[in-house]
Amino acid sequence: MAVVKASSSDINLLARLLRAEAEGEGTQGMLLVGNVGINRLRANCSDFKGIRTIPQMVYQPHAFEATTKGYFYQRARTSERRLAQKVINGERYWPAKFSLWYFKPPGDCPQTWYNQPFVARFKLHCFYQPTAEECESVYNTFA
């Protein structure tokens, strides 16, 4: 059962984002990117207040570099659509389980990103989750 509303065009959009942001990180990396996106939709805190739809999340200004690249605009593939559906259905994976941010630094992961603590690195991406003080809702959006 979906944890966010998603039409077929929303699934395609999220699938394109997963591929464009993390194809080089494999299936797990794409799922982690999807988790961050779904967390942003559900948490309603920090930089993500009022973000309630997949298009709002994907096209939020400065949120995803991939949306500025041509590769993002290629047609969604079945394999990425399946991954998008998994995260829409609420499947969550560490270290993105509660993360609202990730990025790919040129070297080591900084201990904080946007003042939020480092959780872990998966391949080339570093994941950061807010403190409960900053965003308590991200910890209780999934029963």
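In this predicted model, both Arg19 and Glu80 are buried. Their side chains meet in a salt bridge, with a nitrogen-to-oxygen distance of 3.9 Å. The pair links distant parts of the chain, as Arg19 belongs to helix H1 (residues 8-22) and Glu80 to helix H4 (residues 78-88), 61 residues apart. A second pair is formed by Glu23 and Arg77, whose closest N and O atoms are 2.4 Å apart. This pair also links distant parts of the chain: Glu23 is in the loop between H1 and H2, Arg77 is in the loop between helix H3 (54-58) and H4, and 54 residues separate the two. Glu23 is partly exposed, with a relative accessible area of 31%, and Arg77 is partly exposed at 35%. Salt bridges that share partners join Arg19, Glu23, Arg77 and Glu80 into one network.

The whole structure contains four salt bridges. One of them is formed by Lys69 and Glu65, with 3.5 Å between the closest N and O atoms. Lys69 has a relative accessibility of 43% and therefore counts as partly exposed. Glu65 has a relative accessible area of 57%, so this residue is classed as exposed, the cut-off being over 50%.

Arg40 presents another case of a charged residue under cover. Arg40 is located in helix H2 (residues 26-43). This residue is buried yet has no salt bridge. The nearest side chain of opposite charge belongs to Asp47 and is 7.4 Å away, and a salt bridge requires a nitrogen within 4 Å of a carboxyl oxygen. Leaving aside residues up to four places away in sequence, Arg40 touches Phe48, Ile51, Arg52, Met57, Ala63, Phe64, Leu100 and Trp101.

The backbone was also examined. Most residues other than glycine have a negative phi, and most peptide bonds are trans. Asn44 has a positive phi, near 55°. Asn44 is found in the loop between H2 and H3 and is partly exposed, with a relative accessible area of 39%. Asn115 likewise has a positive phi, in this case near 65°. The position of Asn115 is in the loop between strand E2 (112-113) and strand E3 (116-122). With a relative accessible area of 71%, Asn115 is exposed. The peptide bond that joins Trp94 and Pro95 is cis, with omega about 15°. Pro95 lies in the loop between H4 and strand E1 (101-103).

The overall fold can be described next. Five helices and four strands are present, and along the sequence they follow the pattern α-α-α-α-β-β-β-β-α. The C-alpha trace spans about 40 × 35 × 25 Å along its principal axes. A compact globule of 143 residues would have a radius of gyration near 15 Å, and the 14 Å of the protein agrees with this. Of the contacts between residues at least 6 apart in sequence, 65% join residues at least 24 apart.

Buried residues account for 47% of the 143 residues. The protein exposes about 7400 Å², and carbon and sulfur atoms supply 51% of this area.

Note on methods:
Residues numbered from 1 in each chain as written. Predicted model: local features only at pLDDT ≥ 70, side-chain atom pairs only at ≥ 80, totals over all residues. Heavy atoms only, no water. Rg over C-alpha atoms; globule rule 2.2 N^0.38 Å. Buried < 20%, exposed > 50% of the residue type's maximum accessible area, 1.4 Å probe, protein only. Contact = heavy atoms within 4.5 Å. Areas by Shrake-Rupley, 256 points an atom, 1.4 Å probe, with all protein chains shown as cover. Lys, Arg positive; Asp, Glu negative; His and termini not counted.
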